[in-house]
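Trainee: I would like to learn how to read a cavity and a helix. Could we go through them together?

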Amino acid sequence: MGPKSMIDPQVLKLWRIRGCFNSLPLVIVALVYNFFIQIMPNTALPDAGIYITIGLALLGGYVFIYVLPTLTYQAWRVDYNKDEIDFVSGILIKKRITVPIIRVQNIESSIGPLAKKMGLMSLTISTAATSHKLPELPEEEALEVQKRIRRLIRNSL
């Protein structure tokens with residue numbers, strides 16, 4: 001049986017805002033293409049390209065802003081147990097990672113400008129082998145998780 005705890009719904013909002021930024025290149029390509037069609041009407045560029053670029057920009061925007069963040073949010077599950085951290089991620093390929101508390105060497109926290117404005121913080125748990133980035137949590141909760149993991153590490157030694 002895997003982890004049951006879903007991540008904070010505020011993270012979905014943050015991921016959707018990031019999706020807006022990720023879809024900007026598609027909008028810029030559509031605008032540049034349409035600009036060239038307008039200033040150079042006798043070029044070899046196909047007129048149907050206007051509709052294709054606008055359609056791709058709209059489709060890409062929908063995927064980056066709605067579909068991917070929603071599916072990623074539904075896929076993430078995290079549990080912080082007494083002796084391990086268990087999390088599941090992945091849309092098409094589910095990846096379950098269990099990190100024994102005794103193997104944790106470092107816990108890093110990071111806050112980007114958008115996450116800071118929304119009161120979110122992400123944690124990265126490092127072991128000897130690799131690092132595992134957890135999705136953003138409310139800042140108070142992230143600090144509490146960080147303290148809890150430190151306590152569990154001290155108690156397991």
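**Cavity and helix**

Mentor: The volume of the largest cavity is about 30 Å³. This is a predicted model, where local features need pLDDT of at least 70, side-chain atom pairs count only at pLDDT 80 or more, and totals for chains, interfaces and linings use all residues. Residues are numbered from 1 along each chain as its sequence is written, and side-chain values use heavy atoms, without hydrogens and water.

Trainee: What is a cavity, and which residues line the largest cavity?

Mentor: On a 1 Å grid over the protein atoms alone, a cavity is a set of points where a 1.4 Å probe fits but cannot get out; lining residues have an atom within 4 Å of a point. Here the lining is Tyr80, Asn81, Ile85, Ile101, Val145, Arg148, Ile149 and Leu152. Helix α4 (residues 139–156) gives the largest share, four residues; helices are DSSP runs of H or I, at least four residues, numbered from the N terminus.

Trainee: How many Å should helix α1 span?

Mentor: The expected span is 1.5 Å times one less than the number of residues. Helix α1 (residues 9–39) has 31 residues, so it should span 45 Å, and its end C-alpha atoms are 45 Å apart, which agrees.

Trainee: Where does α1 bend?

Mentor: A bend is the angle between axes fitted to the seven residues ending at a residue and the seven starting there. In α1 the angle is about 35 degrees at Ser23, and Pro25, a proline, follows within four residues.

Notes
Helices (H or I, at least four residues) and strands (E, at least two) are DSSP runs, numbered from the N terminus. On a 1 Å grid over the protein atoms alone, a cavity is a set of points where a 1.4 Å probe fits but cannot get out, and a pocket is an open set with protein on both sides within 12 Å along at least five of seven lines; lining residues have an atom within 4 Å of a point. Grid points are joined across faces, edges and corners, and a volume is the space filled by probe spheres set on the points.
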